[in-house]
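Here are some notes to read alongside the model, meant for someone opening it for the first time. Have the viewer ready and follow the points in order.

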Amino acid sequence: MRKLVTRLQAHLDLEEAVSWYESRRLGLGLRLLDELDYVMNRIAAAPLQFPEIHSGVRRALLNRFPYSVYFVAGDEQVEVIAVLHQHRHPDTWRNRL
């Protein structure tokens with residue numbers, strides 16, 4: 001299992017999403033966190049199972065929520081660069097490279 005490192009901007013993405021879902025229905029933000037935790041564990045365990053969408057950048061999709069996790073996998077660690085809603089402009093995560 002690789003070490004998982006989350007950039008500050010990716011963490012802020014997540015806080016914004018959780019806050020939005022919690023404002024819609026109490027507990028929904030926590031469900032998003034649970035699903036993200038599941039996906040992050042899969043990423044840390046086997047990052048190469050996810051498709052490479054740009055040179056070195058891979059994307060994992062959440063199942064129940066329309067969010068994508070963008071990350072770069074190294075030999076020792078995985079760096080999460082963005083957690084974005086799938087309807088956001090696709091270049092948003094590229095500006096973070």
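Which residues form one aromatic cluster? They are Trp-20, Tyr-21, Phe-65 and Tyr-67.

1. Before going further, some ground rules. This is a predicted model, in which local features need pLDDT of at least 70 and side-chain atom pairs count only at pLDDT 80 or more, while totals for chains, interfaces and linings use all residues. Residues are numbered from 1 along each chain as its sequence is written, and side-chain values use heavy atoms, with hydrogens and water left out.

2. Staying with the aromatics, a search of the whole structure turns up four aromatic pairs. The rings of Phe-50 and Phe-71 have centres 6.0 Å apart and planes at 90°, so this pair is edge-to-face. It ties together distant parts of the chain, 21 residues apart: Phe-50 sits in the loop between helix H2 (28-45) and S2, and Phe-71 in strand S4. (Rings of Phe, Tyr and Trp, the last by its six-membered ring, pair if their centres lie within 6.5 Å; planes under 30 degrees apart are stacked, over 60 edge-to-face, the rest tilted.) Both Phe-50 and Phe-71 are buried, meaning under 20% relative accessible area with a 1.4 Å probe, protein chains only (exposed is over 50%, partly exposed in between).

3. Now the strands. S2 (residues 52-54) and S3 (residues 57-61) pair in the antiparallel sense over two bridges, and S3 pairs with S4 (residues 67-73), again antiparallel, over five bridges. (Pairing takes at least two DSSP bridges; helices, H or I of at least four residues, and strands, E of at least two, are DSSP runs numbered from the N terminus.) Follow Arg-58 in S3: Glu-52 stands opposite Arg-58, and Arg-58 in turn stands opposite Phe-71 in S4.

4. The S2–S3 hairpin has two residues between the strands, and its Gly-56 takes a positive phi near 85°.

5. Asp-13, in helix H1 (residues 8-24), deserves a look. At 7% relative accessibility, Asp-13 counts as buried. Its side chain makes a polar contact with the side chain of Arg-96 at 2.5 Å (N or O atoms within 3.5 Å, one able to donate a hydrogen and the other to accept it; sequence neighbours count only if both atoms are side-chain atoms).

6. Finally, H2. Its buried residues include Leu-32, Leu-36, Val-39 and Ile-43. Residues three or four places apart in an α-helix point the same way, because there are 3.6 residues a turn.
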